Amino acid sequence: MATPTAADTRTEAAEQIQTALDELTLVEKVRLLTGASTWSLHAIDRIGLTPVTLSDGPIGVRGVSDDERPSVQLPAPSATAATWDVDLLARLGRLIAGEARRKGVDVVLAPVVNLQRTPAGGRHFECLAEDPHLTAELAASFVSALQDAGVAASVKHFVGNEQETERTTYVSRIDERTLREVYFAPFEAIVEAGAWSVMAAYNGVALDGVESTATAHGPLLNGVLKDEWGFDGVVVSDWLATKDTVASADGGLDLVMPGPGGPWDAALVAAVERGDVDESVIDDKVARILRLAHRVGAFASEPVEVATPEPDEPGVRDLVREATARSIVVLANDGLLPLDPRAVPRVALVGANAVEPFVQGGGSAFVRPPHVVSPLEGLSRVLPGAEIALVRGGVTERRAPVLPAVLVTTPRGARGILAEFLDVDGNVREERVILDPGEVWFPIEDAAVAAVRFTADVALHGDGTHVVEVGPVGAHELRIDGEVVSRSTHVVGSEVVLDSSYSDPATTETPVAVIGEGSVRVTLDAQVVDADAFGRFVRVHLRYRAPGASVDDELVEAEDAARAADVAIVVVGTNPETESEGWDRPSLALPGRQDELVRRVVAANPRTVVVVNAGAPVILPWLDEVPAALWWWLPGQEAGDALADALVGAIEPSGRLPWTLPAAEADVPVPNGLPRDGYVDYAEGLDVGHRGWDRLDRTPAREFGFGLGYAQWRYDRLELEAGRTRPAGTPADSGEGTGTWNEADEAIARVTLTNTSDRTGREVVQIYLSADGSDPLRPLRWLAGFAVVDVAAGSTATVEIPLRRRRFEVWSTDTSSWTLPAGPYVVHAGRSSRDLPLAATHIIH
Ligand code: BGC
């Protein structure tokens with residue numbers, strides 16, 4: 001008997017879905033359309049449906065709320081994008097599929113394919129790139145690999161979700177052509193590649209006179225996504241994003257998350273019974289959910305078997321380390337890099353981020369890794385026997401470090417903080433001792449508990465001014481030694497989860513002068529936050545700064561260490577206060593006095609490498625004055641090993657910037673994208689990212705696509721072959737989706753280049769197009785293709801880069817279709833968006 005084909009399986013699944021639909025009552029069907037909990041969907045034994053579980057991505061798979069097991073922690077998505085390596089993204093997709101299965105997860109809420117429209121965007125690190133084509137190619141590769149392993153991707157956030165300020169209410173105003181050519185492009189490519197789920201964003205979208213929340217936007221969800229692109233998967237709402245019943249149900253949303261509760265359930269059943277929503281609309285959603293369940297092995301199917309290694313197993317660690325080292329971008333190098341391990345017996349390792357690297361941005365993407373390899377550990381491995389002096393060079397965070405457990409006792413003298421659970425009348429219903437006093441969060445199951453009273457005696461050892469900082473979330477009263485120092489009656493709810501203010505609550509600082517030994521009693525009454533489907537919890541940050549060296553003292557210490565060393569490595573960067581979901585960055589400057597630190601260390605030791613530990617662009621005013629600089633991203637669990645590999649060249653840091661690095665804040669084409677009167681206007685149109693810099697003729701510090709690597713390159717030749725069709729054996733049409741995406745390529749660019757250095761190197765060959773100028777809205781130059789190539793020292797290689805027809809097409813708002821404008825196109829090839837030594841002309845008649 002022949003093995004069943006994909007089409008047979010599809011037909012079989014379709015039949016089983018139909019049978020299930022016939023069996024389910026309206027109430028059962030509607031129940032399936034809202035989550036059963038924060039992270040899972042309802043099961044129905046009768047039809048063989050087991051629960052489908054969802055979890056964030058994209059940095060790793062966190063798992064459901066009570067999963068304490070560590071998760072693999074990749075470098076930030078922008079870092080993976082800096083490899084420009086679609087095969088690597090596929091390997092990471094397979095790794096994440098294994099992680100999902102290990103953690104019992106069927107749907108990974110990733111990737112984020114919104115674009116880095118402004119460097120100030122809070123989730124910049126979570127996006128891949130500022131360029132639609134680069135984003136599309138990399139994300140499609142990741143999604144295909146993930147789903148080939150039977151785990152669904154939920155591609156997010158559809159659409160126009162490029163910043164965080166007023167994130168649940170603003171309306172993005174984007175003209176149709178810009179949507180089509182720029183912000184839709186990654187979604188369209190991934191739907192074409194077969195995405196099983198898409199997440200509708202929090203924001204609203206105003207398009208062609210239809211203004212609606214993204215979760216209820218009929219023209220977007222039903223019109224474009226489902227009808228035009230043929231998307232047959234599930235549109236899930238962003239968490240708590242759905243605001244209405246009928247409009248979202250009719251608009252094309254399939255699944256409200258989280259649950260239970262929310263605007264569908266009984267209200268939707270009633271709407272169907274009233275005739276306001278047709279039952280066929282419900283059936284379509286149920287069919288989509290059952291199809292998703294079938295795809296992930298939860299309905300009439302088994303999950304695909306995948307390897308599920310632990311996140312600290314050697315194979316996993318090697319892959320993450322390779323990806324992280326490959327992502328690192330060489331921004332400057334006068335020959336100091338790669339370091340010769342024999343020539344640096346004494347190293348000064350300097351910077352707050354050297355002591356504590358910032359490995360992941362904040363928000364829903366946050367995962368707990370099995371370990372984080374520090375720069376000191378990594379360097380000690382590649383420089384055995386070297387003397388490495390680690391000095392901080394000043395703090396960069398505004399807030400004090402978390403309160404150490406050893407300083408805290410309860411009023412009865414036990415280690416920890418006393419937590420008394422109070423009802424509305426102030427009666428104690430339960431007592432607990434909290435042993436870990438830093439960033440306190442715990443769920444409250446007892447519905448009668450309205451507040452928690454924390455009491456802690458904090459020991460203050462030594463002369464000087466000690467600072468105690470307390471950051472409660474919501475209504476509270478804070479007393480220090482009995483005196484009220486902060487009080488708020490403002491009761492908060494789920495909005496603090498959505499704006500992430502609970503991950504960085506405002507604190508009250510209390511300085512306490514001590515001679516010898518002292519102590520203070522901290523008493524805090526904090527409200528229980530009722531955050532709807534995110535549950536009820538209490539949240540407070542307790543922080544403490546001991547008297548000690550000032551930043552001035554530490555800067556001098558850093559200079560001294562640098563002076564005494566053969567090489568200084570200064571790690572500067574952002575920190576958890578800077579980059580997170582929930583808020584945008586008010587400034588692109590490095591926090592604290594880090595610019596001064598760099599300048600003073602370089603003055604003390606001219607053999608200095610600066611390492612930038614940040615996800616999104618920061619202004620580096622000294623960049624052209626330092627001998628060498630690397631962009632290290634938010635590097636994830638293998639941080640220090642990857643950095644060490646890059647510094648000595650064990651793995652070439654072959655990253656290329658997936659965004660533009662500004663030299664000055666005033667130059668940035670879209671400085672912040674903040675909503676005005678509730679609207680975010682995408683006024684720059686098609687000129688996103690590097691295209692905007694070209695249009696305004698501004699010179700950034702380092703342009704899109706920039707990265708020196710360690711080899712040198714000569715671009716020899718560019719040849720074009722027009723109208724070639726896809727080579728035999730590669731699928732011209734996967735049978736899924738519609739449109740022109742998989743049609744014959746318009747041209748093939750063949751680039752010949754030589755590695756003129758004495759070491760094997762990796763180059764990212766980039767192809768850009770420009771048109772004849774007859775269409776003033778077209779960008780001056782746009783990315784059309786790229787390829788990664790490894791070439792041995794002194795060798796020549798030729799790479800073939802297909803140029804898809806879509807790269808030449810424009811969206812006609814007159815005909816509502818893609819058109820291929822005639823004319824000469826200049827095809828540019830080179831190393832970055834502004835280093836394009838080769839050109840050829842392609843004519844379209
Ligand atoms: C974020 C999503 C995330 C979801 C679940 C939302 O606040 O915008 O990206 O997947 O929470 O954690």
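Angles under 35 degrees count as roughly parallel, those over 145 as roughly antiparallel, 65 to 115 as roughly perpendicular, and the rest as oblique. This convention is applied below to a predicted model, in which local features need pLDDT of at least 70 and side-chain atom pairs count only at pLDDT 80 or more, while totals for chains, interfaces and linings use all residues. Residues are numbered from 1 along each chain as its sequence is written, and side-chain values use heavy atoms, with hydrogens and water left out.

Helices (H or I, at least four residues) and strands (E, at least two) are DSSP runs numbered from the N terminus. Axes are lines fitted to C-alpha atoms, for helices over the stretch in contact, and angles run from 0 to 180 degrees between N-to-C directions. Helix α12 (residues 314-327) packs with helix α18 (residues 639-648) at an angle of about 55 degrees, their axes being 8 Å apart; α12 and α18 are therefore oblique to each other. In the second pair, the axes of α5 (residues 132-148) and α7 (residues 185-192) cross at roughly 30 degrees and come within 8 Å, so α5 and α7 are roughly parallel to each other. A crossing is left-handed if the near helix is turned anticlockwise from the far one by less than a right angle, and right-handed if clockwise. The crossing of α12 and α18 is right-handed, and that of α5 and α7 is right-handed too.

Of the 13 residues around the ligand (a heavy atom within 4 Å), D56, R123, H157, Y202 and D238 come nearest. The shell divides into five nonpolar residues (Ala, Val, Leu, Ile, Met, Phe, Trp, Tyr, Cys and Pro), six charged (Asp, Glu, Lys and Arg) and two polar (the others, Gly among them). For Y202, the corresponding distance is 2.7 Å. Taken alone, the ligand exposes 310 Å², of which the protein buries 96% (Shrake-Rupley method, 1.4 Å probe).

Some backbone details also deserve a look. The peptide bond between G57 and P58 is cis, with omega about 0 degrees, and P58 sits in the loop between β1 (54-56) and α3 (77-81). Another cis peptide bond runs from L337 to P338, with omega near -5 degrees; P338 belongs to the loop between β9 (329-333) and β10 (346-350). Finally, D265, although not a glycine, has a positive phi of about 40 degrees, and D265 is found in helix α10 (residues 265-274).

Methods. A polar contact is a pair of N or O atoms within 3.5 Å; within protein, one must be able to donate a hydrogen and the other to accept it, and residues adjacent in sequence count only if both atoms are side-chain atoms.
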